[in-house]
Amino acid sequence: MQRREKMSELTLDDILTPDEAAKFLKMEVKRVLRLAKRGEIPAKKLGRGEWRFKASELSRWFADWTPNTFDPNRRAGEILAEINGKKKTRV
């Protein structure tokens, strides 16, 4: 219960555990850890499997984050253009 109270008093200077970072971002803990391991989210590894996150950096990261805009049709067109040696066109 004490952690829940702390989350309501969160400031941007706070250092968060993976559980707290997940709650802050409203994501699954596994996803937050996966992003940290890939270096896609600002985090510090303290030791074996111990990650910490600064709330202000997470907030800035989220504000600058853009969703995955991968378009398989566009990529297929680029691949076909490379194969054919022609101008890139959409499939």
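## Order of elements

From the N terminus on, the elements of the protein chain follow the order α-β-α-α-β-β-α-α. That gives five helices and three strands, where helices (H or I, at least four residues) and strands (E, at least two) are DSSP runs numbered from the N terminus. This is a predicted model, in which local features need pLDDT of at least 70 and side-chain atom pairs count only at pLDDT 80 or more, while totals for chains, interfaces and linings use all residues. Residues are numbered from 1 along each chain as its sequence is written, and side-chain values use heavy atoms, with hydrogens and water left out.

## Chain totals

Of the 91 residues in the protein chain, 25% are buried; buried means under 20% relative accessible area, exposed over 50%, and partly exposed in between (1.4 Å probe, protein chains only). The accessible surface comes to about 7,400 Å², and carbon and sulfur atoms hold 49% of that surface. These areas come from the Shrake-Rupley method with a 1.4 Å probe, and for residues only the protein chains shown count as cover.

Among contacts (heavy atoms within 4.5 Å) with a separation of 6 or more, 39% join residues 24 or more positions apart.

## The α2 and α3 pair

Helix α2 (residues 18–25) and helix α3 (residues 29–38) have axes that come within 8 Å and cross at roughly 105°. Axes are lines fitted to C-alpha atoms, for helices over the stretch in contact, and angles run from 0 to 180 degrees between N-to-C directions. The two helices, α2 and α3, are therefore roughly perpendicular to each other; angles of 65 to 115 degrees are given that name, with those under 35 roughly parallel, those over 145 roughly antiparallel and the rest oblique. Pro18, Asp19, Ala21, Ala22 and Leu25 of α2 meet Val29, Val32 and Leu33 of α3 in this contact. By class, the contact has seven nonpolar, no polar and one charged residues. Here Ala, Val, Leu, Ile, Met, Phe, Trp, Tyr, Cys and Pro count as nonpolar, Asp, Glu, Lys and Arg as charged, and the others, Gly among them, as polar.

Within α2, the residues Pro18, Glu20, Ala21, Ala22 and Leu25 are buried. The loop between α2 and α3 contains Lys26, which has a positive phi of about 55° although it is not a glycine. Lys26 is exposed, with a relative accessible area of 74%.

## The nonpolar core

The largest nonpolar core has 14 residues, of which Leu25, Val32, Ile41, Phe53 and Leu58 touch the most other members. Such a core is a set of buried Ala, Val, Leu, Ile, Met, Phe, Trp, Tyr and Cys residues joined through side-chain atoms within 4.5 Å. At least two residues of this core come from each of α2, α3, β3 (50–54) and α4 (55–64).

In α4, Ala55, Ser56, Leu58 and Trp61 are buried, and the buried residues of α4 pack against β1, α2, α3 and β3. Leaving aside its neighbours within four places in sequence, Leu58 touches Leu16, Ala21, Phe24, Leu25, Ile41, Pro42 and Phe53.

## Loops on either side of β1

Thr11 sits in the loop between α1 (2–8) and β1 (15–16) and is partly exposed, with a relative accessible area of 39%. Its C-alpha atom is separated by 8.1 Å from that of Ser56, 45 residues apart along the chain.

Thr17, in the loop between β1 and α2, is buried, with a relative accessible area of 18%. The C-alpha atoms of Thr17 and Phe53 are separated by 6.5 Å, the two residues being 36 residues apart along the chain.
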